[in-house]
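Visitor: Could we go through the aromatic rings here, and then the overall fold?

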Amino acid sequence: MAFDKTYHVNVKLRDESKLYTFVSSGPEEIVKAVEYTYTQHLGKYPVYNLGFGDYDPLTDSIIDRVISNNGDVYTVFYTVLNTVLHFFDENPNAIMSVEGSDSGKAFSEECRKLCRKKCTDICKNMDRRIRTYRWFVDKNIDELNKSYTFYGGWRGKKGIKRTECYRPTGIYNVIYCHKNKIV
């Protein structure tokens, strides 16, 4: 599965990660970044977290809580997904994890301070990012399962509480993925 409408990416190797940067072209030109950071080993398989956001070249870091609304959401999203394909081509034995930086109680507490939606019990902005990834996997699960295996999980205060084989429409706050036929 490849995506046609994407931005050109630049790749930079770091000590424990690989950084992909590209320019989002809309009303503004915004440098975006996808970073795959090593987190741990599960057995003999390395686990990498996918991080995404605006790139700050002054601090060489990703700002993952900003929402740009630059008018090119699908091109940006498909560019991120193409980095996943590239990552697995170079790391066929890796496991990738994806979480949303807008998940959890800390996010909703910060959001309420500036939010115009005036949410009561549940923050409407919480989990938007992971819901986007779940939407894509749900929509394309049959095609994706030909090449990848997915697991859904719930992260608690002390780490992962539980994982299961991914179920479309499941409510997860972390998604794990690996290429089929890990060597």
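Visitor: Which residues do ring pairs link into a cluster?
Guide: The cluster joins Tyr-20, Tyr-36, Tyr-38, Tyr-48, Phe-87, Phe-88 and Tyr-148 through ring pairs. Rings of Phe, Tyr and Trp (its six-membered ring) pair if their centres lie within 6.5 Å; planes under 30 degrees apart are stacked, over 60 edge-to-face, and the rest tilted. This is a predicted model, in which local features need pLDDT of at least 70 and side-chain atom pairs pLDDT 80 or more, while totals for chains, interfaces and linings use all residues. Residues are numbered from 1 along each chain as its sequence is written, and side-chain values use heavy atoms, without hydrogens and water.

Visitor: How many aromatic pairs does a search of the whole structure find?
Guide: The search finds 14 aromatic pairs. One of them, Phe-77 with Tyr-78, is tilted, at 6.2 Å centre to centre and 50° between the planes.

Visitor: Is Phe-77 buried or exposed?
Guide: Phe-77 is buried, at 11% relative accessible area. Buried means under 20%, exposed over 50%, and partly exposed in between (1.4 Å probe, protein chains only). Tyr-78, at 24%, is partly exposed.

Visitor: Which charged residue lies over the face of Trp-154?
Guide: Arg-162 does, at 4.2 Å from the ring centre. The criterion is NZ of Lys or CZ of Arg within 6 Å of the ring centre and within 35 degrees of the ring normal.

Visitor: And the fold: how many helices and strands are there?
Guide: The protein has 3 helices and 9 strands, taken as DSSP runs (helices H or I, at least four residues; strands E, at least two) numbered from the N terminus.
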